[in-house]
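Visitor: Could you show me how to read a structure like this one? I would like to start with the sheet and then move on to helices and contacts.
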Amino acid sequence: MSIADPALAERISAYLKATQGRDTQVTLLERIHGGASRETWRVKLEEGGAAKGFILRRDPPSSLIDTERAVEFSAYRAFHKTAVPVPEALALEQDESWLERPFFLMEEITDAVAASVLQGQPYGDHAARIGAQFFGTLGEIAKLDPAALGLNWDAPARDACWSAELARWEKVIDEDEREPQPIARAAIRWLRNNPPPPAEKISVVHGDYRTGNFLFREGDIAAILDWEMAHLGDPLEDLGWALDPLWAHHNPERPGGMCSRAEAIAHWEKASGLKADPAAMVWWDMFASLKGLAIWISAAAEVHDGTNTDPVNAFAGWYCLAFHNQILADRLQEFAA
Amino acid sequence: MTPEADALLNIGAGKLILEIAPALPPGYAAGSASTVGMVMILAAQEYAKGADTRIWENARMAELLAANGVADDTKAASNTIADLNTANSALRTKLIALHAKIDGEPGGPARNAGRAILAFLKESAARRRLHLPVL
């Protein structure tokens, strides 16, 4: 058993004793490699002679995306009651005195793995089955009523989903670009001048629903993770993001490295009861790559400014930014032809 | 200098990704070692083509600005990446303003100028694209 950060382990034990009356000893504490928007730690405890484990999600000193941990926590809590597989949310702590930064605790999903976007075929022979579950689960999220889930977040009007999201990510680019971004600016103008039809309904939008952000065992999805960018909006936003070429594991003909685009959309439509209007998808596909570009511009800024030099940010600020610039530039020229 | 920096970066990346990261316990340190290795592969590509890409971009942007009547006397102080970047940012700022102005104008000349800028952006993005080995 290893304790990667003994001081943090002591603080976790003190927190559990003070807030939950639990007399525990942390026996394992290891940081999990992944996104840079939250620190993720695997924690094992010995409590009354029994071993227990959970996941700690703590705000980093500087966050790639300014997300609200309460939003992520409430999304886990809401969907735990549904057919969407998520870990159980256990506790949310906003008081920074306990672990220096806000955090929440959630159930650990064991014996399951997440794909790396660098892998060629992470799902192997299970790709089609995983694809059906992945896009079907996204349809299930789109189908559910946010109010019935208890998620009473601010909801845009059906005809304002696109403009609200475009404004949100344009602001990120305005604030975080450290060099002028001509492709991003051209893409923003195109998106503003060619709005999509109104949303068919207002749904919970996961915000980062893609390969790499779920755990799977063999041919089954075990948990949908990383809800930190969840909000209410047009469900096609998530579909466009999940279908983006960056997440295709080097094969653009197989979105998410799972199945064809037509199959993916069919799974989503069947589960959601909604239609993925092709005209609307042109806009949401374009937006997905612009949103990605904004995130990578933020990552590059974090490294440039020295506020979060996690190597994931350096990688995203170079490779992913160049990738989405090319996707957007190719589409812009195609539209102008 | 032989070996060149890109060769050294690729050798170092191979050590990190194929030898050091697998020897570490699974977790943050192993993942970060692999990611640093990937960034080194990207840095090797930037070393090899970074100056050439920027010199080409700067010359092409100057041509586009001149063709559309935008006054510009931007010149890089040298061919170091830092100086090329300074000129590149100045030219990009002017190109963005020109593109926004053209996008709002009707007529064939504006449309043709817009297409020329989009062709430049496509070529620029292709030249700046970085590539990774499939794992």
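The dialogue below goes through a sheet, a helix pair and a chain contact.

Guide: Happy to! This is a predicted model, in which local features need pLDDT of at least 70 and side-chain atom pairs count only at pLDDT 80 or more, while totals for chains, interfaces and linings use all residues. Residues are numbered from 1 along each chain as its sequence is written, and chains are lettered from A and ligands numbered from 1 in the order in which they are written.

Visitor: In what order do the strands of the open sheet in chain A lie?

Guide: Strands of a sheet pair through backbone hydrogen bonds, either parallel or antiparallel. Strands (E, at least two residues) and helices (H or I, at least four) are DSSP runs, numbered from the N terminus, and two strands pair if DSSP finds at least two bridges between them. Here 5 strands of chain A follow the order β1-β2-β3-β5-β4, with antiparallel pairing. β1 (25-32) and β4 (89-93) of chain A are at the edges with a single partner strand each, so one side of each has no neighbour in the sheet.

Visitor: How many bridges join β1(A) to β2 of chain A?

Guide: There are 7 bridges between β1(A) and β2 (residues 39-47) of chain A. One residue pair to find is A:Ile32 with its bridge partner A:Thr40 in β2(A).

Visitor: And how do I read two packed helices?

Guide: Two packed helices are described by the angle between their axes and the distance between the axes. Axes are lines fitted to C-alpha atoms, for helices over the stretch in contact, and angles run from 0 to 180 degrees between N-to-C directions. For α5 (residues 161-176) and α6 (residues 182-193) of chain A, the angle is about 165 degrees and the axes are 11 Å apart. α5(A) and α6(A) are therefore roughly antiparallel (an angle over 145 degrees).

Visitor: Which residues of α5(A) and α6(A) meet?

Guide: Contact means that C-beta atoms, placed from the backbone, lie within 7 Å. A:Leu166, A:Glu170 and A:Ile173 in α5(A) meet A:Ala184, A:Ile188, A:Leu191 and A:Arg192 in α6(A).

Visitor: How many residues of chain A are in contact with chain B?

Guide: Chain A brings 30 residues to this contact, and chain B brings 31. On the chain A side, β1, α6 and α10 (311-336) each supply at least two residues. The largest share, 14 residues, comes from α10(A).

Note on methods: Parallel < 35°, antiparallel > 145°, perpendicular 65-115°, else oblique. Contact = placed C-beta atoms within 7 Å.
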